[in-house]
Amino acid sequence: MVIITLQRDKCIGCNYCAEFAPEYFRMSKKDGKSVLLKTENKKGFYTLKIPNPEAFEPCDKAAKACPVKIISVKEI
Ligand code: SF4
């Protein structure tokens, strides 16, 4: 299981996460910030649980590339 968390408010819209992990991140046309797909806002944090362990690598690359370090990726 891979757990991805995005603290969306602090996104600066650089697009790296959508480039590295396009299956999970898209840039919003409304406000230019990243959207972690299929998630809802819980006090500013968006969390996605993915059973497929192959999700870890692209999401980890996105997390490491994020200049403001607002993506966390854990494998449990
Ligand atoms: S890499 Fe970080 S700052 Fe850049 S768009 Fe994604 S969440 Fe936002």
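User: Lys 43 to start. Is Lys 43 buried or exposed?
Analyst: Exposed. Lys 43 has a relative accessible area of 84%, and the cut-off for exposed is over 50%. One caveat: this is a predicted model.

User: Where does Lys 43 lie?
Analyst: In the loop between E3 and E4.

User: What about phi of Lys 38?
Analyst: Near 60 degrees, again a positive value in a residue other than glycine. Lys 38 is found in the loop between E3 and E4.

User: Lys 38: buried or exposed?
Analyst: Exposed, because its relative accessible area is 82% and the exposed class begins over 50%.

User: Next, Lys 42. Where does Lys 42 lie?
Analyst: Lys 42 is in the loop that runs between E3 and strand E4, residues 45-50. Lys 42 is exposed, at 64% relative accessible area.

User: How far apart in space are Lys 42 and Gln 7?
Analyst: 9.7 Å, C-alpha to C-alpha. Along the sequence, Lys 42 and Gln 7 are 35 residues apart.

User: Switching to Lys 33. What is the place of Lys 33?
Analyst: The loop between strand E2 (25-27) and E3. Lys 33 is partly exposed, with a relative accessible area of 23%.

User: Why does 23% count as partly exposed for Lys 33?
Analyst: Buried means under 20% and exposed means over 50%. Lys 33 has 23%, so it is classed as partly exposed.

User: Which residues does Lys 33 touch?
Analyst: Arg 8, Asp 9, Cys 11, Arg 26, Met 27 and Ser 28, leaving out residues up to four places away in sequence.

User: Then Ser 34. Buried or exposed?
Analyst: Buried. Ser 34 has a relative accessible area of 1%, and the strand it belongs to is E3, residues 34-36.

User: What does Ser 34 touch?
Analyst: Leu 6, Arg 8, Cys 11, Cys 17, Phe 25, Arg 26 and Met 27, again not counting residues up to four places away in sequence.

User: Okay, ligand time. How many residues surround the ligand?
Analyst: 14, and the closest are Cys 11, Cys 14, Asn 15, Cys 17 and Cys 66. By type, the shell has 11 nonpolar residues, three polar and no charged.

User: Where does the ligand sit?
Analyst: In the largest cavity.

User: How many cavities of 30 Å³ or more does the structure hold?
Analyst: One. The largest cavity has about 80 Å³ of space. Of the 15 residues that line the largest cavity, the closest to its centre are Cys 11, Cys 14, Cys 17, Cys 66 and Pro 67.

User: How does that lining divide?
Analyst: 12 nonpolar, three polar and no charged.

User: Moving on. Where is Ala 65 found?
Analyst: In helix H2, residues 56-65. Ala 65 counts as partly exposed, at 22% relative accessibility.

User: Which residues does Ala 65 touch?
Analyst: Tyr 16 and Phe 20, with residues up to four places away in sequence left out.

User: And how far is Ala 65 from Glu 54 in space?
Analyst: 18 Å between C-alpha atoms, for a separation of 11 residues in sequence.

User: Last one, Val 73. Where does Val 73 lie, and is it buried or exposed?
Analyst: Val 73 lies in strand E5, residues 71-75. At 16% relative accessibility, Val 73 counts as buried.

User: What is Val 73 in contact with?
Analyst: Val 2, Ile 3, Ile 4, Phe 56, Cys 59, Asp 60 and Ala 63, setting aside neighbours within four places in sequence. Separately, the C-alpha atoms of Val 73 and Lys 61 are 9.5 Å apart, and these two are 12 residues apart along the chain.

Key
Residues are numbered from 1 along each chain as its sequence is written. This is a predicted model: local features need pLDDT of at least 70, side-chain atom pairs count only at pLDDT 80 or more; totals for chains, interfaces and linings use all residues. Side-chain values use heavy atoms; hydrogens and water are left out. A residue is near a molecule or strand if one of its heavy atoms lies within 4 Å of it. On a 1 Å grid over the protein atoms alone, a cavity is a set of points where a 1.4 Å probe fits but cannot get out, and a pocket is an open set with protein on both sides within 12 Å along at least five of seven lines; lining residues have an atom within 4 Å of a point. A molecule sits in a cavity or pocket if more than half of its atoms lie within 2 Å of its grid points. Ala, Val, Leu, Ile, Met, Phe, Trp, Tyr, Cys and Pro count as nonpolar, Asp, Glu, Lys and Arg as charged, and the others, Gly among them, as polar. Helices (H or I, at least four residues) and strands (E, at least two) are DSSP runs, numbered from the N terminus. Buried means under 20% relative accessible area, exposed over 50%, partly exposed in between (1.4 Å probe, protein chains only). Contact means heavy atoms within 4.5 Å. Grid points are joined across faces, edges and corners, and a volume is the space filled by probe spheres set on the points.
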